[in-house]
Amino acid sequence: MNTQTTSDAQISSVAQSRSVLDVIDVTIRYGTKPAIQNVSLSIPQHRITAIIGPSGCGKSTLLRAFNRMNDFIPNVGMEGRILYLGSDIYAREVDPVEVRRRIGMVFQKPNPFPKSILQNVAWGPSINGFTGNLEDRVEQSLRRAALWEEVSDRLHESALALSGGQQQRLCIARALAMEPDVILMDEPCSALDPVSTARIEDLMFELKERYTIVIVTHNMQQAARVSSLTAFLENGSLVEYGETDQVFTRPRNQRTEEYVTGRFG
Amino acid sequence: MAKSPLAGAGTRKSRTKEELIRFVLFLCAFLSILTTLSIIAILAWEAYSFFREVRVFDFLSGTRWTPLLEPRSFGVLPLVAGTLQIVIGASLIAIPVGLASAIYLAEFASAGVRRVLKPVLEILAGIPTVVYGYFALTFVTPLIAAIFPQTQIFNAASASIVVGIMVLPMTASLCDDALRAVPESLRQGAFALGATQFEVTLRVVLPAALSGVMASFVLAASRAIGETMAVTLAAGATPKMTLNPLQSIQTMTAYIVQVSLGDTPVGTVEYQTIFAVAALLFAITLSMNIIAHRVLARFREVYE
C-alpha cells in the first residue's frame, strides 16, 4: 500500500534519537471492524510525540495499545508488534501490569480517586511494593507536576475538592509517582479551560527532559505548540509522520495539508 | 372581546378531560398515602392504649415476656433479643456471601455470565418466604440436629440460616448496584498505574462504593428484622433471652403472628401488646431505612 511505503521511509528519517516504542505493522480490530490498519512508527526518547487526526480516526485506540489498556475492551484483536525498548509488550510471557508500571497514562477527563491528595499520589507506589520514603516521592511527584505549591498545606483533603485543572495535574503527579519511562496522554486538556491548558502544556515541556511523552489531541494548535514529532492518522491509517514543524508547514501528503490547514476534521 | 387566535375548537373539552385525569391520578396517589397514615395512626392509638396500662420503661427494659400467662409480664427484651439473634445470624451469612457475589458479578464476571446470574439472583429474591420457612424446618433443622444432637426442633440457628439465604439476593443485588455505580474511569486510572484486578477492586472500587455497600447491609438487616414467615415456622414461640442458637426463641414478628392467630379478645391489654410490639418494630425498621437512604443519597452525590 502507498501509505505503508511512505511511513517506512519516514521512520528512518525521524529516528535520530533512540526509540522507546516501535510500532510495527499494527492492525487493531473491534470485532471485525478495523480501527487501526498497518500502522508503523517509532516514538523517540525524551521527546513529545503528538498523534492528531479527525474524530474516530483511531488515535486513542493506538495510544491505548501502547500500555495494553485495550485489553479491557471485549472483542479487541491486534496484529503486528509493539516493542518497548526492543521487547514485544504483547509477547506471551509479558505481564501487562508490568507494562503499565513503566508506561503511565493520563486520561481525557481527570479521574482522581475519591481519596486524599496524598493517597492519590502514593497509591501507585504503595501497591507496587515501593519501599523508599513515600512522602518524599509524593512531594517530588507533585513538584514535577507543578502542583506542590497549591496543595502542600492540604495534602489530606479530598482530591475531588480540587479544580479540574488541578485534578488533571494531580493525575499527572499520580502517574509520575510510578517513575515511568513513558507517559501517554489521551487528550489531557480537552476538559480544561485555556488557563489550565496552558499550565499543562508548560508542564509537558518540563517533563520531556525526563520522560517520553505521547499525546493524542484533536487540537492542532496544541500539537503544533508542544510536540517535536507529529503523526497524522486518518481512518485508522498513518498518513504522515515527521517533525512537527515539517508536518505543519511543509506537509508531504495532500490530506495532511488539508487537515492541518483546517479544511476538514 | 375578540376571540383569541390560539383558542381551538376542542380546547374547553380537552381541558376538562385533563383536569379529570389529573384528579383520578391524584386520588390514587392519595390513597396510598392515606393507607400508610391510617396504619400509623391505628398503631399509635392502640400502642397508646397499651401504654396506659404498662409503663413504657417496663416494656422497653423488662426481661420477661409473658403477656398471655399468669403472672403477666410485659418486658419486650426477649423478643428484641430473639429478633437480634436472627438478624445477626442472617447477616453473618448474607453480608460476606452477598458482598463476595456482588464483587464477582460487578468486577470479575464476563458479560455472558452476568446476563445469566443477575436474573437468577432476582428470581431467588422472588421465592415466597413461607417456602424458606418450610425449607428451614424440614431440611436445615435436621441437618443442624445431625451435627448438634441437643438442637431443639424449633431453633434460632435454622431460622437465621434461611433468613440469611433469603436476604442474600437483595444484598448481592444492592451491593452490585453500588459497585457498578463507581465510574469506569476510576478503574482505568488504577489499571494504568499497574494495579492488578484484585487491587483495583479491593483498593479503589470497594472504598469508592463503601457508603452504598454499607447502605445495602442496613437495608438487608432491616429486611431480616421484618421477616416473619420463616422465623414463625422455624424459630419457635418461646420468648427467651438466650445466646444459644440451638434453642427455640421468639421474634417480634413471630409474636404478632401468634397473637393474631389466637383467640385473644379485641380491646384487652393482651391484644394491644401486638400493636406495641408492631410500633417498636416499625420504629426500628423505619429508622434503619432512613439511615440507609441518607447514606445512599450522599453516595450518589459524589459521582453525579
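Figure 1. Five of the five residues of β7(A) are buried, so the strand is largely enclosed by the rest of the structure. Here, buried means 20 or more other C-beta atoms within 10 Å of a residue's own, exposed means 12 or fewer, and partly exposed lies in between, with C-beta atoms placed from the backbone. Strands (E, at least two residues) and helices (H or I, at least four) are DSSP runs, numbered from the N terminus. This is a predicted model, in which local features need pLDDT of at least 70 and side-chain atom pairs count only at pLDDT 80 or more, while totals for chains, interfaces and linings use all residues. Residues are numbered from 1 along each chain as its sequence is written, and chains are lettered from A and ligands numbered from 1 in the order in which they are written. A:V182, A:L184 and A:D186 point one way from β7(A), and A:I183 and A:M185 the other way.

**Figure 2. The parallel neighbours of β7(A).** Strand β6 (residues 103–106) of chain A runs parallel to β7(A) and is joined to it by four bridges; strands pair if DSSP finds at least two bridges between them. In this pairing, A:V106 stands opposite A:M185. Strand β8 (residues 212–216) of chain A also pairs with β7(A) in the parallel sense, over five bridges, and there A:I183 has A:I213 as its bridge partner. From β7(A) the chain crosses through helix α8 (residues 194–207) of chain A to β8(A), a right-handed β-α-β crossover.

**Figure 3. Two loop residues of chain A with positive phi.** A:E179, in the loop between α7 (164–176) and β7 (182–186) of chain A, has a positive phi of about 50° although it is not a glycine. A:N235 likewise has a positive phi of about 50° without being a glycine, and lies in the loop between β9 (229–234) and β10 (237–243) of chain A. A:E179 is partly exposed, with 17 other C-beta atoms within 10 Å; A:N235 is partly exposed too, with 15.

**Figure 4. A cis peptide bond in chain B.** Look for the bond joining B:E70 and B:P71, which is cis with omega about -10°. B:P71 sits in the loop between α2 (56–61) and α3 (77–108) of chain B.

**Figure 5. Around B:V162.** Leaving aside neighbours within four places in sequence, B:V162 is in contact with B:Y132, B:F135, B:A136, B:V140, B:A230 and B:A234. Contact means C-beta atoms, placed from the backbone, within 7 Å.

Technical notes. Two residues are in contact if their C-beta atoms, placed from the backbone, lie within 7 Å. A crossover is right-handed if, with the strands pointing away from the viewer, the path from the first strand over the helix to the second runs clockwise.
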